[in-house]
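Here is my note on the chain, as numbered points. Please read it beside the model.

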Amino acid sequence: MPAAELKLRMSNFTARMDSLCPDWETVMIVNKVNIYYFTGTQQNGVLLVRRGRDAVFYVRRSFERGQVESEFSSLVKINSFKDIAAAAGDCGSRVHIEKEFVPLAYFERLNKYFNFKEILSCDFVLSVVRSVKTSYELDIMRRAGELHAKTLNDFVPSVAKKGMSEVELGSEVLRFMLNNGHQGVARLSMFNTEMFMGQVCFGDNSMYHNTFDGPGGILGFGPAAPFFGNADRRLADNELIFIDIGCMVDGYYTDKTQVYSLGTLPDEAYEYHERCVRILEDTVSRLRAGAVPSKIYEEVMTPLDESFLEYFMGVREERVKFLGHGIGLTIDEYPVIAKGFDAPIEENTVFAVEPKRGIPGVGLVGLENTYVVKNSGAECITGFNPSIIRI
């Protein structure tokens, strides 16, 4: 990652801290995704940012790898937190940390050497800064989107066949993606949440009870690993295939969902799918710099009737209350197209928009694509196929 890119990101962050947390003194960052964002490497350590001083990345392991990978201006080798305090000196009485991520025990071990009196959160500032993508980031995400489109629009119809299991189809998809640049990891920001690739479901498995905050359901491998697909569920004639997966290229994600049919589905599947397409188009038509996510959500959701909403974005009380989410170094990022997100969207924010509707006994229909928001509108970067693709 170029040094100029890293300097731009750190400059953007400190400027946002000045604006949103004007009394800040010190920030300590330990989340490896955030560390990668600012340094271009994912080593175990603490990124120390202080007002009016150059940021320093104190690296425990592996300092040598960090030196090879990173163009960050200042990397310092440490053996323990004590070394940070000795090298940094007085860091003030107030610290901002990633409260959504840092375990209490970890921070207590760290703070033993600093004795910060006031512990504040930098999570929102980090989310806002990361939500607005640089040209460098957008170039990578467009490459991810191209692979995503090639995988779901072209590859899946060439390999899906009657009798294969969800795991078998998912494995073919994963192999193809890995061979073409996908890096395999499925990273989520949400606390205590895991995922393996995404969801590969046949029929009403796509409406099974979900363990994370998403509209699609999944039985998965089983209770110990409710991810990916089920080895015993096999594809039958006239059945729906639902695939919702992320694609990671050079650390950045796009998100895309495509629905297929092996043969013909009931008429209501096509009717509800077409309605989801219209909802997506209605949502995307409102995505532009300056638009307010909560207002978009209200305007799109208000006209929808109760009978449609019963299985829209989930099943009854398990329905999720959003239409799309930010995406970047993790699949789920700020902002969200939902109530409560009242700050205007900034140019070069990237959203995954995903209206989906379940049909009992049939499965989940709808679609998802990833969009870059510009002043004049939104650009789809994952390829747009509005149809249920027939196998």
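1. How many helices and strands does the chain have? The chain has 11 helices and 17 strands, with helices (H or I, at least four residues) and strands (E, at least two) taken as DSSP runs and numbered from the N terminus.

2. On provenance, this is a predicted model, in which local features need pLDDT of at least 70, side-chain atom pairs count only at pLDDT 80 or more, and totals for chains, interfaces and linings use all residues. Residues are numbered from 1 along each chain as its sequence is written, and side-chain values use heavy atoms, with hydrogens and water left out.

3. Along the principal axes, the C-alpha atoms fill a box of roughly 70 × 40 × 35 Å.

4. Of the 391 residues, 55% are buried (under 20% relative accessible area, 1.4 Å probe, protein chains only).

5. The largest nonpolar core has 67 residues, and F13, L47, L169 and I243 touch the most other members. Helix α7 (residues 135-159) gives the most to this core, with 9 residues. Apart from it lies another core of 28 residues, including V277 and I296. A nonpolar core here is a set of buried Ala, Val, Leu, Ile, Met, Phe, Trp, Tyr and Cys residues joined through side-chain atoms within 4.5 Å.

6. Leaving out residues up to four places away in sequence, I243 is in contact (heavy atoms within 4.5 Å) with several residues, among them L152, V156, L169 and Y260.

Methods: Buried means under 20% relative accessible area, exposed over 50%, partly exposed in between (1.4 Å probe, protein chains only).
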